[in-house]
Structures are given as structure tokens and as C-alpha cells.
Amino acid sequence: MSIKTIGAILAGRPLNQVGPGASLQEAATIMAGQGVGALAVLDGDRLVGIVSERDIVFRAVARGLPMDGTTVAQVMTCDPVTVEIDHPISDALAVRLGDAFRHLPVTDNGRVVGLLSYRDIPAEYLMLFERFREMSTARADEA
């Protein structure tokens, strides 16, 4: 396991982003063009949310909202949980990446620099983390 930090996973990757006033059509076009499932929503340099393909499908399409007439701000997840770029991968898993979240904004001294996807986590880290969680739960049940 040579990848130890979140920054190592994101190295060289651009920040895929959109503004809160962009239409869902614009956001979907960016996602498709970049081959990503989520975008950081920035108001200037400030992270205000994250919009994912699931947000678009469940919060807009399923409700009949128009792709051109609905803004990212209307369906995004506001104030998302973030992780720092120099933190270990286990920190991303500890904040429930894969359980509660599929994408986490990554910050460097408070400034968003990337998005970490659950799919980015190497399989061996996932297996070790799951095993640790199982052992911790078993010990708690014994007490």
C-alpha cells in the first residue's frame, strides 16, 4: 500500500467545479465532459456545496424540475463534510465516505482543492477499514 494520503490520490487531478447559479444542464454537461460524478460548488473561492449525479436525478429529474430552469443551488448538498489533503485515507473513511457520502471535498488550509470519490480509495484500504470496523463493533458488543 504505497498511497498513504488523500493528496497522493488526488495528485495532478483538476478541481471539477461549478457555480451555484449554473443550471443543472450546465453541471451535467461538465460532469459528462470530465467523466466525474460530482462537482464542487464554489461561490468565488468559497465552497458552498457539492452537486452529484444522484442530486440531479433524485432532487430534480424525479421531481420533474427542468434541467435548464433549475440551478445547482436548488439541488446541491449544502455545507458538505470536508477532509484535509494531507490527512490519511482512513480519515476519509472515518467520516463515512462510502456510507453517508460518495464524494468528499478535499481542502488545503480551508481552500477546496479537489473531490475524493469512494471509488478512488484502493480496495485494500477498504478491506482493512471494514475489518477494523467489524472488530470494533464486536468489542463494543462484548462490553
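Sixteen residues line the second largest pocket, and of these Arg13, Asn16, Val36, Leu115 and Ser117 lie nearest its centre. The model is a predicted one, in which local features need pLDDT of at least 70 and side-chain atom pairs count only at pLDDT 80 or more, while totals for chains, interfaces and linings use all residues. Residues are numbered from 1 along each chain as its sequence is written, and side-chain values use heavy atoms, with hydrogens and water left out.

A pocket here is an open set of points on a 1 Å grid over the protein atoms alone, where a 1.4 Å probe fits and protein lies on both sides within 12 Å along at least five of seven lines; its lining residues have an atom within 4 Å of a point.

The largest pocket holds about 470 Å³ of space and is lined by 22 residues, with Ser52, Arg54, Phe101, Arg102 and His103 nearest its centre. Two or more lining residues come from each of β3 (46–52), α3 (53–59) and β6 (103–108), and α3 provides the largest share, five residues.

Serine 52, one of the residues nearest the centre of the largest pocket, belongs to strand β3. Is serine 52 buried or exposed? It counts as buried because its relative accessibility is 12%, where buried means under 20% relative accessible area, exposed over 50% and partly exposed in between, with a 1.4 Å probe and protein chains only. Leaving aside neighbours within four places in sequence, serine 52 is in contact (heavy atoms within 4.5 Å) with Met31, Gly37 and Ala38.

Met31 leads on to helix α2 (residues 24–34), in which Leu24, Ala27 and Met31 are buried. These residues are on the same side of α2 because they cover an arc of only 60 degrees around the axis, the arc being that of the directions from the helix axis to the C-beta atoms. The buried residues of α2 pack against β2 (38–43), β3, α3 and α4 (72–75), whereas the face turned away from the buried side carries the exposed residues Ala32 and Gly33. Just after α2, glycine 35 takes a positive phi of about 65 degrees.

Technical notes: Points joined across faces, edges and corners; volume = space filled by probe spheres on them. Helix = DSSP H or I, 4+ residues; strand = E, 2+ residues; numbered from the N terminus.
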